[in-house]
Amino acid sequence: MSRPGITYQEVANAAIQLQGQNENPTVDRVREILETGSKSTIARHLKEWKSKTGHIAGSEGISQELVSIVKGLWERLKTEADQKITQHQHETNRIIDEARQAFIQEQKRNSDLQAQIRQSEEQLHQEKHLSATLHQSLEEEKRSIAKLAERNHQLSQQRTDQKSEIERLHKLLAHVQANLEHYQTSIQKLREEQAISAEKQKAAYDHENSYLKQEIASIMELKNHLQNNADQLQIKLKLLNDQNNALIAEKNLYFQQLQEKIIHQTVLQNQCDQLDKSCVDHQRTIAEKNGIIIELEKELAVLTDQLRNAKKSFQDAQDTIRILRDEKLYLTQEKAHVEGQFKQLQTTL
């Protein structure tokens, strides 16, 4: 089946398009637009079109000028609108993509900060729990130290009492030794006084001597007993001194541990303060990022309004083009009507 040839309307449309571009409609240019058709057919239709439109090469008729203005205006408006819409669409898409990427990054950064804040809060909770435990242990240590101090006071009181008892026993021993010396002095005097009457007082002397020997034996026995008691008290005193020294060493060890725990608690408190400060800084950073996100959302809203206005302008341009097309069709019909009347007048004349 053979391909149908080009029609008159196709050639006329191509010629009108060339006029709108301020170009002279020729056979070659019309064929470039149509991309088909023989030159003889195009020349025939183009000649017919020129005769109908009153086209004369090099002339500037009113109908041609009006058609050229309308067509050029339509083409220019369409091209400018397409360029502006394309440019604005690209710019809007780029800004929206950048805003979306920034928003995603801010959301990710916000999530990371929230995770860090939760981790810091958990660590802070653990540190506070540890601090409370240490504080409770410190209170228990204080109570234990108070008990040890009370026990030390009791031991010191016992030691004082034992020292008083030892001093009393020493005084008693000194009194016994003084009595012994007094008895020895008395015996010596008695011997001197009774040297002359030794015979008479021998029995009494022997009796007195026996009594004194027994008394001396009792005193020596008492002295030995007191010495043994003094030795035992010395041993107890030494044992109490050792216990007291051990308690003092234990007390110093407790105080040292207490100082270390106080230092550790101070370090933990400083770490808690630093964590609180870091948490406040993170919250301030999050607030700033939220402000930036709000500004980006405002800019996105403005860009959306601009895009909406651009679409509206494009729609208005399309409406204008549609009105111009209607006016063109009306003018074409009016022109055809005027040409028909003109031909009738020519026929009448």
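**Helices, core and surface of a predicted model**

Read along the sequence, the protein chain of this predicted model runs α-α-α-α-α.

Reader: Which element gives the most residues to the largest nonpolar core?
Author: This core has 12 residues, among them Ile6, Val30, Ile42 and Trp49. Two or more residues come from each of α1 (8–20), α2 (27–34) and α3 (39–53). With six residues, the top contributor is α1.

Reader: What percentage of the residues of the protein chain count as buried?
Author: Buried means under 20% relative accessible area. The protein chain has 349 residues. The part that counts as buried is 21%.

Reader: What share of the accessible surface belongs to carbon and sulfur atoms?
Author: The accessible surface of the protein chain totals about 25400 Å². Of this, carbon and sulfur atoms hold 53%.

Reader: Among contacts between residues at least 6 apart in sequence, what percentage join residues at least 24 apart?
Author: Contact here means heavy atoms within 4.5 Å. Take the contacts in the protein chain between residues at least 6 apart in sequence.

Reader: Which residue lies over the face of tyrosine 8?
Author: A search of the whole structure for aromatic pairs finds zero. Tyrosine 8 does have a charge over its ring, at 4.4 Å from the ring centre. That residue is lysine 52.

Key. Residues numbered from 1 in each chain as written. Predicted model: local features only at pLDDT ≥ 70, side-chain atom pairs only at ≥ 80, totals over all residues. Heavy atoms only, no water. Core = buried A, V, L, I, M, F, W, Y, C linked by side-chain atoms within 4.5 Å. Buried < 20%, exposed > 50% of the residue type's maximum accessible area, 1.4 Å probe, protein only. Helix = DSSP H or I, 4+ residues; strand = E, 2+ residues; numbered from the N terminus. Phe/Tyr/Trp six-rings, centres within 6.5 Å; stacked < 30°, edge-to-face > 60°. Lys NZ or Arg CZ within 6 Å of the ring centre and 35° of its normal. Areas by Shrake-Rupley, 256 points an atom, 1.4 Å probe, with all protein chains shown as cover.
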